[in-house]
Amino acid sequence: MEVFNKLYTSVTQTVSQLSSVLPGNPVTREYDITGHIASAGRGCMWKIYSGTKKSTGQEAAIFLLEKRLFERYSKEDREEIFEIARRGVTQITKIRHPQVLTVQHPLEESRESFAFATEPVYASLANVLGDTTNLPAPVISELGSYSLYETEIKYGLLQLIEGIQFIHNETKLVHRNISPHSVVLNSHGIWKIFGFDYCVSSENANRYDYNPNQNVLAIPSLEYTAPECALENGYSARADYYALGVLIGAIYAKKCNPFKTFGRDYTAFKKQAQELRSGKCPNLMNVPQGIRSHVEKLLTASPERRPDLVQISKVPYFDDIGVKSLSYLDTLFQRDNQDKAKFYKGLPQIIKMLPARINLHRILQCLVKEFIHPTMIPFVLPNVLLIAENCTKAEYEKHIFPHLKSIMSLQDPVQILLIFMQNMELLLKLTSANDVKLYVLPMVYKALESNSTQVQELCLAVLPSFANLIDYPSMKNSLLPRIKHLCAKSAVASVRVNCLLCVGQLLPQLDKWLVLDDILMFLPTVAPREPAVIMAIVGIYKVAANHEMLGIPKEFAANKVLPFLWPLSIENGLTLQQYNVIMAFVSELSQKVQSEHTRKLEQLNTGATDSNPLQYDILAPSKSADNGNSEDHQIGITTKEFVDKAKIEKPATSRPLTLSEMKPMENSVPKISAPVSTTPSMNTAFQLQPTQPSPFVPPPSTFQPMPMWQPQRPVAVPQYNPVGASFNGNPSMDQFQALLPATTSSSSHHHLSNSNIQTKTPLLQPMNNSRSSATATSQGSNILTKEDILEFLK
């Protein structure tokens, strides 16, 4: 947000500044002015602003002359200066030539200023050489560090020579103001002639009369005035030759006044003219040896001895490969396509030799003009991309990409897409993420749909390098469906392999469920299956299985992947090494499925064991204060003991015990406490005993916890009294034998006790009313031993 605030403040200040100097000026109605960039003209009195035309958006430069700067002069001087300015702008507006500054909007005058618009301008040559008059403060850093390359100087001088010849021969004018202040560099670095304020016709004899009282701005600069003006009071077209010689000296001396500064000192100027007539030449040590002698001839006092400009242009000093290339580019519109194609093929070698600024501002502007001819784009595009390699990102976005995006949508000729695919890494490095989505991705989609196998393979090879710039919806809905369609429909094995390799490299950019549902489910449909295709499929499975953010679930692996890989491993054409790779992955995946499922089962069993402890007392004995003499003692046994002791041998017999066999056990078998039946009895001498619980069988493997064992509640059964039988209070033993079970095993024996049957009677016994309570008490209550309970349960 701070950046936008600064930008807003800068624009607001510029608009406010211009509003104070351009109120009511018609130029402001036609152009939007953005910033102060340079100055030009005699004494750099013209301020230059950058701007755009409101109706078309075309870039322009707005020249502004503020009248308030001349308030210190008299009214007559001001009017003279203003008239000279009007005449100069009017004259340049009439001239149309590549080396003359092009005027887009004629001069407009208001009460405060003069203004007109021209083609975009970078700066004047005076600004480049260090004159900062009327420049914004602080000076633009780019302008402050600007230095001219040798190729720029050579080609710039040739441009000036061509422009001066046109002025002399076609317009029949003498410029009389050739100097760094009247040479302007446009936005492409082309040198343009400006400052026709003092031009006169060359057809009439011209006389030079110096008026010492005249304002300094009303006459040409004495530093660039030919000596014949002082010696002979006249001048001709060759006076501009002398000014050109001084300009060459200024360029290499890197200052606007290379020799002497006269100002209004006409006497000093006349003295120098006389020295030149005597053969004394100014110091030209900074001028290169190849052109120094020709500059000396240009600076002679005699106009007739000065060489013609045509001769100067043919000096070997200008035989430079860069100069010739720039000259050829300026005349390309006159060449046929065959000559152009031949030149463009050799241009890369020249581009590598030239400075980046020349390539960007001079060569590039000629190349992009060919983009309107699709048949020439394959010859021009490699050179444009080569220039982009040496550009900064800002230069690329400003000067190159606006031209490239206009041809990214072209599919014919196919070489255009091929060249873009070959240089995709460069495009991604310099193009912003937003432009990649808007222009580069649609071009990639078209490349995938191209009929050229080479274009398709190049596109698939470069796609993973910028996958991170593709948003998820575009990846899922646009890119992957096109790759899958190409893989399924292509008859070329190399294309299918590259499709699969591309998908494998894109997997880290996808989420797990998209990979499982969309990618892995697609692989079994790929056919035919050459060895290279099979290995690419296995590679995708391996990446999906081993990537930390993806992974293949064991259910999917067991149901989908492994059943597909087994028949895939025995496809014809596989080598032993390829087979071993596939089987190694199958084994690895199988082991993962096995280990995961085993771990799951172990976790389930561990959870069940945690909720049911493996070892504890099933029947915990309750110790009372009477040290085991209480009748309420319970049975105690551990799980391990129960399991170990349960393995006793089964008794050999399973017949029912007789009463005589049961009697000896009365004193050894403890009684099991059971509640007394509350059922009303028919005879108080007899009481039917409760039935025993069903035998307990422990689980086969994992012992589950059991509740404390309790005897079943007694079942009310009427006392035995056969019909017709009479009771005398003591039934015979044969009557009890009939009540026992038909079969009796060792696990279901009922033991009789001599205890008082009125407290606990585990089995049916006769009631003996004659027995005393003291006898029952003397016998006590016993607890079953472990062997007895094991025998009982078994």
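Visitor: Why is Cys281 called partly exposed?
Guide: Because its relative accessible area comes to 35%, and the label covers whatever falls between buried (under 20%) and exposed (over 50%), using a 1.4 Å probe and protein chains only. By the way, this is a predicted model, so local features need pLDDT of at least 70 and side-chain atom pairs pLDDT 80 or more, while totals for chains, interfaces and linings use all residues. Numbering starts from 1 along each chain as its sequence is written, and side-chain values use heavy atoms, leaving out hydrogens and water.

Visitor: And what makes Cys459 count as buried?
Guide: Its relative accessibility is 0%, so Cys459 lands on the buried side of the cut-off.

Visitor: Where does Cys459 sit, and which residues of its helix are buried with it?
Guide: Cys459 is in α20, residues 453-462, where Val455, Gln456, Leu460 and Val462 are buried too. A helix here is a DSSP run of H or I, at least four residues, and a strand is a run of E, at least two, numbered from the N terminus. The buried residues of α20 pack against α17 (415-422), α18 (424-430), α19 (433-448), α21 (472-489) and α22 (493-506), with contact meaning heavy atoms within 4.5 Å.

Visitor: What makes β5 a mostly covered strand?
Guide: Six of the six residues in β5 (113-118) are buried. Ser113, Ala115 and Ala117 point one way, Phe114, Phe116 and Thr118 the other, and all are buried. In a regular strand, side chains alternate between the two faces of the sheet.

Visitor: How do you know which strands pair with β5?
Guide: Pairing needs at least two bridges found by DSSP. Strand β3 (59-66) has six bridges to β5, and β4 (103-109) has four, so both pass that definition. Both pairings are antiparallel. Glu66 stands opposite Ser113, Val103 has Thr118 as its bridge partner, and a three-residue hairpin links β4 to β5.
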